[in-house]
Amino acid sequence: MLSDKTIEEVEALKRRYPDPRGAILPSLYIAQREFGWLSPEAFEAVSIVLGVPKAHLRGVASFYAMYRHKPVGRHLIQLCTNVSCMIFGAEDLVSLLKNRYGAEVGGTSPDGRFSLVIMECIGACEAAPAMLVNEDFHNNLTENNITEILEKYK
Amino acid sequence: MIELTINGKKVSTEPKSTILQTALKNDIYIPHLCYDKRLAPYGGCRLCLVEVEGQKKLLASCSTPTEEGMVVHTETPKLHKARGTVLELLLVHHPLDCPVCDKAGECDLQDMAYKYGKTESRFVRQKKSSPSDIRSPLIEMSSNRCVLCGKCVRICGEYQGCGALGMIGRGFPTTIKPAFGDVLECDYCGQCIDACPTGALLGKPYKFQARPWLLEEKETICPFCSCGCTLTVGVREGKILRSRGSEDKGINKGDLCGRGRFGFDYIYNKDRLKTPLIRLNGELVPASWQEALLYTAENLKSVINTYGPSSVGAIGSHRCTTEDNYMLAKFMRNVVGTNNIDSSARFGHAIVQNAFYMGFGVKAPPIRLDSPLGKELILVIESDPTVTHPMLGLNLMGAAKNGSRLVVIDSKETKLTRLGSKWMKLRPGTSHALLNGIIKVLFEESLFDRESVKNITNLRAIEDLTKGLSLDNVSDITGIPKGDIAGLARDIAKAKSRLISMTLGVSDNTKGLDTVLSAINLLIVLGEGPETLQIPAEFSNTYGLYKMDVRPDTGFEADKGVVEMLYKPGGLKAVYIVGEDPVVNFPNASKITETLRALEFLVVQDIALTQTAGLAHVVLPASSWAEKDGTFINAEGLCQTIRKLVDAPGQAMPDWQIIRNLSLAMGKDIGAGRLEDVQREVKDLLGKESYCFNGLLLNPLPYARLKAADGDYPLVLVIRDLLQHSGSMSTRSRSLSLVVADSFLEINDADASKYGISDNSYVKLTSPNGSIYLKSKVTGLVPQGVVFTPTHFPHAGVNLLTNERTSGTTVPDMVRVEPAGARPER
Ligand code: SF4
Ligand code: SF4
Ligand code: SF4
Ligand code: FES
Ligand code: FES
């Protein structure tokens, strides 16, 4: 279930559009924040508040890659491995994340700390390699500084 | 009007209509896969492309509005090429398994490929080959054949208000399925099957039954509710294989509910009667028609001779044709010589007729299934027309979608409480009190035009009645906050157009004459007429049987109705029941059984060996709705033809013929050699109805507080209909039983834990009249203090618990629940 405060947040979004379907995308983000990922319960909860069938919600959500469709760790690493980042060693970072934390591509470290998703170019080629950790942006990554950075995310 | 040219033809059209709509209306066909006139334009399939002069691009005609002077071409080489390419792309992943697809022969995709497609595709990709999803009871989903037009998703969500399906995924792998790929659990209306332009959605009962072109399709009227939908029934080798809606046909314009689509197979139940049966040494044994009719005639005559004609009674049937019912009434009046005749309408339609006469002064309530459309405010009172009258339900939902304010007053969460503008949760059986409270507010705040209604009898009395009420009290009784009651009263008063919609049927135990009359009072005070209160008759021919005078009240006080016939042991000596199963369908079943057992002679005429038939001395086998010609009159009073589609099993015969033969056996010829003779007389009778208006009358009715819950029976039992069933005959349908096969008891979580009841366990339900056993469904959808159960299921015996509602007023049924003892786990 969503907390009362979250329900109010979704209700407020709903009021901003003539058709509640307009509020689907941001509402799903709120539910995702609340549930950690878009679980069946998350859809159920949004469906009740927006009055939009959950089949429709899931249909919309499944179109977008950036929702969390599976449970994720406490922190989500989105690492770019496109051309520029690849040239500057992104593949080594992928191995490092796997060896050091046990975070496989598309998976989660056994301790539930990190999930790793590989991104297409995130527009930071001039300071490659680059990644997002949750909503924070980091660039000019090396095998040394990445572990330092990740120390901040427990 | 807008003028434009399509393919050189000048046509005119309404502003805002699209090119496709205009073309189709003018018999110019433009191919289309994703357009459906019930839905908003979608523009997804790109098959409906047209050329418009002066426009460089090809336009999708389904989503392009017409403009003055437009010149449109729908069949040019360029368009053929474009459509060919679209089809080529649609077929890249399609398995092209037409030889084993039930849709082949009536498949839009196939037809279009036939017309515009190429024999070879330039694109080679893997064909889709996932297994079909056959888990749902009635609908098979073969996503391989899906072209992602989205019609099913939109019909289900936008139109049907169910929203069971979604387009899950992105790009080619997108699949039509429930949210999480779970088993499809929905209304089972099958609307998506008819909407699908390919073989991706199919009705399971029809799977591999026959190629569509081998079916003989005929139109008839649905045997279930009083909407009176037109069914297109497919017959092959003397058997009905499927039923579907046909675009634009009938009052339903092609829409159907699950009962009309899947329920016809009740006629193939194995308990169909094939020969007459006579009771010999306590057992019903097969007999010939001659034996049975002579035996019946003799016994009826001897009862008449000994006790007089008024010791005989008859019950008619909403499942039988108008002609059948006419003949029964004629038989009782002319051969037996009595007016003792009645039907299930006594518990619903007759009450409504009576109330309309008492209040509005009119005889027949003017019913229009489309009356919700365009109303500013619609009030639905303790009813769910989406279940009982699905076509009316669609119009209620349509009205709400188009801006009507839909206020639903109900104790239970329903589709309408979800889709409406406001749900007021009320204690079951208290809407009468609520309506009185609303009237009170109207008076107190002078919310109506007193001047224009000042001459109506009893205005003062109504005012006095409501003066004696306090809103606190009304709020106490109904459970609705005071402010909401006053707010609703103001909204109703303010609205420029209004409608009250409710239903009243034989299983209803929360509404009655009192509810209807207080709704009428409210409307009269507001200056409204009878068309603002919509209470449609219940079943396919409830209206018709009433019109045929299958009712006692045609003048003589002494005439006996359902009450004297079924609830007074020893009252009558012989009863003739046609097409009705009172032991299952009417309240207080044990009293009815006792009364029927006390009879000297009971004749039951029906299509199956019902529980009532099991008590009879003679059982006469009748043809079902699909095995005879005749008419049904729907809720609107529309007389529609039903057709003989298949032969009756064994020696079963149309009811009207049985009745004629019985008259002959009793030594009286009541005419009716052929159906046409009966129909001529029926027509005369229908023509006789003269418009009557007796003046308006307010009927002040104080709300008598329902018997309060007491320690022994703390819960209110509410009986509600199920969407997949209608009366009890539908439980003989194999298809419908795949969805809901058995009765159940819905109970609130808190009550469940209070009484130690776990979900899906057997519970014992007890009222002062008896006990029954039901499976529990613990749910948050029902309020505390109330339990819900469906009617329909003969073996559940719900009516063993209920009270007689013979006076027409609401009588609550109070019960208690307890776990039904320890059942070994697994
Ligand atoms: S059968 Fe009716 S309710 Fe079920 S998915 Fe199809 S359209 Fe929706
Ligand atoms: S299943 Fe049929 S109606 Fe639904 S999207 Fe696919 S082709 Fe269209
Ligand atoms: S049950 Fe009623 S709504 Fe359903 S198909 Fe039959 S007549 Fe139509
Ligand atoms: S390639 Fe990695 S940020 Fe552009
Ligand atoms: S019918 Fe116009 S795009 Fe499908």
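Q: How are residues, chains and ligands labelled, and what are the ground rules of the model?
A: Residues count from 1 along each chain as its sequence is written, while chains are lettered from A and ligands numbered from 1 in the order in which they are written. As the model is predicted, local features need pLDDT of at least 70, side-chain atom pairs count only at pLDDT 80 or more, and totals for chains, interfaces and linings use all residues; side-chain values use heavy atoms, with hydrogens and water left out.

Q: What makes up the secondary structure of chain A?
A: Chain A has seven helices and four strands, where helices (H or I, at least four residues) and strands (E, at least two) are DSSP runs numbered from the N terminus. In order from the N terminus, the elements read α-α-α-α-β-α-α-β-β-β-α.

Q: How do you know which residues form the contact between the chains?
A: Contact means heavy atoms within 4.5 Å, and 11 residues from chain A and 12 residues from chain B take part.

Q: What does buried area mean for chain A and chain B?
A: Buried area is the accessible area (1.4 Å probe) that two parts lose on being put together, summed over both. Chain A and chain B bury about 940 Å² between them, with 66% of it on carbon and sulfur atoms. Of the area that chain A buries against chain B, 46% is supplied by A:A55, A:R58 and A:F63, more than any other three residues.

Q: How many salt bridges and how many residue pairs in polar contact join chain A and chain B?
A: A salt bridge needs a side-chain nitrogen of Lys or Arg within 4 Å of a carboxyl oxygen of Asp or Glu, and the count between chain A and chain B is zero. A polar contact is a pair of N or O atoms within 3.5 Å; within protein, one must be able to donate a hydrogen and the other to accept it, and residues adjacent in sequence count only if both atoms are side-chain atoms. Three residue pairs between chain A and chain B are in polar contact, both at pLDDT 80 or more.

Q: Which element gives the most to the side of chain A that touches chain B?
A: α4(A) does, with four residues.

Q: What makes a residue part of the shell around ligand 1?
A: One of its heavy atoms must lie within 4 Å of the molecule. The residues around ligand 1 include B:C156, B:C162, B:C186, B:C189 and B:C192.
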